[in-house]
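Here's a quick tour of a protein with its ligand.

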Amino acid sequence: MQLFEITGGNRLRGTVPISGAKNAALPIMAAAMMVEGETVLRNVPDLVDVRQMQELLAALGVRCERDSEGTMRLRVEDEHNTHAEYKLVSKMRASVCVMGPLLAKRRRAQVSMPGGCAIGDRPIDMHINGLRALGADYELVGGDVLLRAKGLKGAEVFLGGPFGSSVTATANVLMAAVLAEGRTLIECAACEPEIVDLADFLNACGARIKGQGTPQLTIEGVKSLEGTEHRVIPDRIEAGTFMMAAAITNGDLELEGARLDHMRAVVDRLRSVGVIVEQAEKGAAVSSSRRLEPVQITTQPYPGYPTDLQAQSMALLSLADGNSIITEKIFPDRFLHVAELNRMGARLHKQGPTVIVEGVKRFVGADVMASDLRASAALVLAGLIAKGTTRVHRVYHIDRGYEHIESKLTAVGAKIRRLAE
Ligand code: EPZ
């Protein structure tokens, strides 16, 4: 096991290259299972989750190689296996994205039901109901979801849930509908840029999808898909995390490849806090040189404020000049970072899905425990500005979704190193 040791107090300055988006790359890799011939993906990040998906696809007969430039080549070589086993799926929830492609292309999908998650209750009922609406039979067999269909048929599918739309349920139903007979209408579809990227990839393979980026998707089923080349969009959550790193250290960063048009809710809040965020030649320029203003943040489905930046925002607003209010509307229990930040001197008061963030003068370095991907990013941000040394334990969480974060931070002036426990 490894930890990060961070010496706080260094302003960040310079350029950070933003990697490809994890949450776009994973469903697109799964979609390649439906494609004849070779798929070439560019800008695929080097992440633990990407390697997990490669391992799962290999078990499902897909040859999948990534080179050091971030180019991945995928080709289906054997279609007999339709079982995504517990030992693979339990390592990564996004494995559920193979369900739609398996069902659509191989007429059977046996996928281990994902277990508990640090960020809260995450059922997959919307995935199952959406695929059943396209004609699949469903059974729960020994902890596995078993879906079978002689042939999928287009249908009207409502994908609204207790917290609004679902990103990966939209991905699964969209992918299945592409090879279904006839037209499918998905209502209350997720509008995330990662869903748009998936739809654009599928259309480049010959699919007929309209409405991506809106709550209503229309899909005309096609017989088959042909391999193509596709560049994965930049990671808006990684970009948002580095924006907060610039703000929390009163630094000055250029985020190469960041797309501000994917981050309007985030940019709006950061500007209200007093952070300068501007379009730059190669991406975005972020700087801050003053005391931070308190604000209110409520997480929502896209284009609302992303839940995947909630923890990082809490670290930033802990240093604001006054009290902020953060309400988590997607994963109401996503607060394991609260106790750890309080160990570093924050004053966070949790009341149900809301946290009152009382502004403090500074963080103090401490040993803290990462519990999930975004919580660990928040602890790193706090460590960057804390008085003294912070040790963030269990950094395997952060490797799941941030490509070489310590070298990117070191390159712009942070004092951070990866050590064995
Ligand atoms: C995606 O997860 C992302 N993961 C998550 O990012 C992100 O936090 C989440 O969307 C919300 O933006 C990937 O794209 C791989 P949801 P997903 O289904 O699709 C409820 C990260 O840090 N729900 O949109 O699993 C659910 O419990 C990760 O990169 C049901 O009730 O999230 C939640 O409250 C963490 N039934 C809400 O909907 C269902 O069948 C939204 O979840 C499905 C979801």
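## Ligand contacts

In this predicted model, a polar side-chain atom of T168 sits 2.6 Å from an oxygen atom of the ligand. S166 also has a polar side-chain atom 2.6 Å from a ligand oxygen, and for R122 an N or O atom of the side chain is 2.9 Å from one. Polar contacts here are pairs of N or O atoms within 3.5 Å. On its own, the ligand exposes 830 Å², and the protein buries 90% of that (Shrake-Rupley areas, 1.4 Å probe).

A bit on ground rules: this is a predicted model, with local features needing pLDDT of at least 70, side-chain atom pairs counted only at pLDDT 80 or more, and totals for chains, interfaces and linings using all residues. Residues are numbered from 1 along each chain as its sequence is written, and side-chain values use heavy atoms, leaving out hydrogens and water.

## The shell

There are 24 residues around the ligand (a heavy atom within 4 Å), with D125, S166, T168, D308 and I330 the closest. Eleven are nonpolar, six polar and seven charged. Among helices (DSSP H or I, at least four residues), α5 gives the most, with three residues.

## Nonpolar cores

The largest core has 78 residues, and V98, L202 and L225 have the most contacts inside it. A core joins buried nonpolar residues (under 20% relative accessible area) through side-chain atoms within 4.5 Å. α6 supplies its largest share, eight residues. A second, separate core of 72 residues includes L316, L317, L348 and V392.

Technical notes:
Polar contact = N/O pair within 3.5 Å; in protein donor to acceptor, adjacent residues only side chain to side chain. Helix = DSSP H or I, 4+ residues; strand = E, 2+ residues; numbered from the N terminus. Nonpolar A, V, L, I, M, F, W, Y, C, P; charged D, E, K, R; others polar. Buried < 20%, exposed > 50% of the residue type's maximum accessible area, 1.4 Å probe, protein only.
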